Amino acid sequence: MNASTKNHPTVLIHTLGCKVNQYDSERLRTLLRKQGCRTYVNSNAASPDLIVINTCSVTAESDRKGRQLIRKLIRQHPHARVVVTGCYSERKPDLLAKIPGVDEIVPIEEQERWAERLPETLGWEIRPDTLWESTVGIDAFQEHTRAFVKIQDGCDLRCTFCSIPYSRGQSRSRPIPEIIEECRNLVYNGYPEIVLCGVCIGQYGKGEDFDVPQLIDEIAPIEGLARLRISSYEPQDLSNELLDTMARWNKIVCPHLHLPLQSGSNRILRRMKRPYTFEFFHEWVEQARQTLPNFEVTTDIMTGFPGEMTTDFELSLEAVRLCRFTKVHSFRFSVREGVPAARMKDKLPPSIIEERRRELDRLAAKTAEEVKQSYIGHILPVLVETIEDDRATGFTSNYLRAVFSPPKNIKQKDIVIVRINRVEKGELIGTLDS
């Protein structure tokens, strides 16, 4: 490494997985940028000095993609130092450390301390004039029009299929003042929408004297904030207070929640150790629709959990019809070493699991299309995400993708009013409303 590189080392960060991982990567980028590094996230860097791969491990497929990405980046950049972090590295640190070319495994809880001491560890001679004043958390979200803000990490649930509590640990919450300062900085720097995320954000403030509704009351008044979105929320954590708070701030808080159902069968939910019934889930969805105008819900549903019979799967299909999800993230049961479901004997053949997933996807697409058709003729605000020639795309506040022809003066992150004319391939097609 020459003197110039030591003063301005290049760091490439690649992220797999959820919003929490994406936030963690952005936090790493912020800290490394503070140290004087040139940082790139999920993009190309000609000759990076350091590569950080933030892995996911929610399924066996996630593990496979993680190993594939690590080996690919090592081949592309044989002279770079390679560091692996994230959920997969928590579960299988020894396995990943044995991949030729991997130099270091960084635990999730050590990410910030690792980044802060990195220049000294590697002998990077960062010049004082390259440093910049850091605020709490992050103040940008590279290559995004919306900014994710992690408010909580870890999970105290013990669902029989899930390895996340083993990689992310127990639930813990960030203090409200720290979150507020981060949100203010992001809004000031041009992010009109804040997305609150976490591993299990309904547990935010558990054991403390604060909760999500109180946090909403603190964030929503921030000057310049156009949208506040709550991401994935466990069904059992829903409350009247949450819905009432969302309704009270209806001009700011988005009328959308991602509620992971997992199965429409109460028998399978019990085997999964999910602490609710489908009836409970459905009642809350309907109550949210009564409380919040234009409320929409997305979900996760698993196919092929051990012991899932045809009747159980049919209940999941019926759940899609009843709840009218605008998107279903379907995924096949995946054996995660060390979790209770891995020891269950009555596992299904992969062919049946995949056949059910495809049938679920077909019904989910048909149902979502019907919901979206109901918005024809409506006028909806859209946050502009992409602009390409005569096509602009973005999301409505209730998380429906819209497409329209952009005027010349439009920019990313603008919020425009779109009249919906039709639905094509799952997208709302509209025109700017004058």
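Reader: Across which strands does helix H14 lie?
Author: In this predicted model, helix H14, residues 350–373, lies across E11 and E12. Its direction is at about 175 degrees to that of E12.

Reader: And in what order do the strands of that sheet come?
Author: The order is E10-E11-E12. These three strands form an open sheet, and their pairing is parallel.

Reader: Why is one side of E10 and of E12 left without a neighbour in the sheet?
Author: Strand E10 (256–258) and strand E12 (327–332) stand at the edges, and each has a single partner strand, so one side of each lacks a neighbour there.

Reader: By how many degrees are neighbouring strands turned against each other?
Author: On average the turn is 15 degrees, with direction ignored.

Reader: How many bridges join E10 to E11?
Author: Three bridges join E10 to strand E11, which covers residues 296–303, and the two run parallel. Within this pairing, His-256 stands opposite Glu-296 in E11.

Reader: Changing topic to E6: is that strand largely enclosed or left open?
Author: Strand E6 spans residues 146–153, and eight of its eight residues are buried, so the rest of the structure largely encloses it.

Reader: Which strand runs parallel to E6?
Author: Strand E8, residues 193–198, runs parallel to E6 and is joined to it by six bridges. Val-149 has Leu-196 in E8 as its bridge partner.

Reader: What about E7, does it pair in the parallel or the antiparallel sense?
Author: E6 and strand E7 (residues 172–173) pair in the antiparallel sense, over two bridges. Here Gln-152 has Ser-173 of E7 as its bridge partner.

Definitions and conventions. Residues numbered from 1 in each chain as written. Predicted model: local features only at pLDDT ≥ 70, side-chain atom pairs only at ≥ 80, totals over all residues. Heavy atoms only, no water. Pairing = 2+ DSSP bridges. Helix = DSSP H or I, 4+ residues; strand = E, 2+ residues; numbered from the N terminus. Axes fitted to C-alpha atoms, helices over the stretch in contact; angles between N-to-C directions. Contact = heavy atoms within 4.5 Å. Buried < 20%, exposed > 50% of the residue type's maximum accessible area, 1.4 Å probe, protein only.
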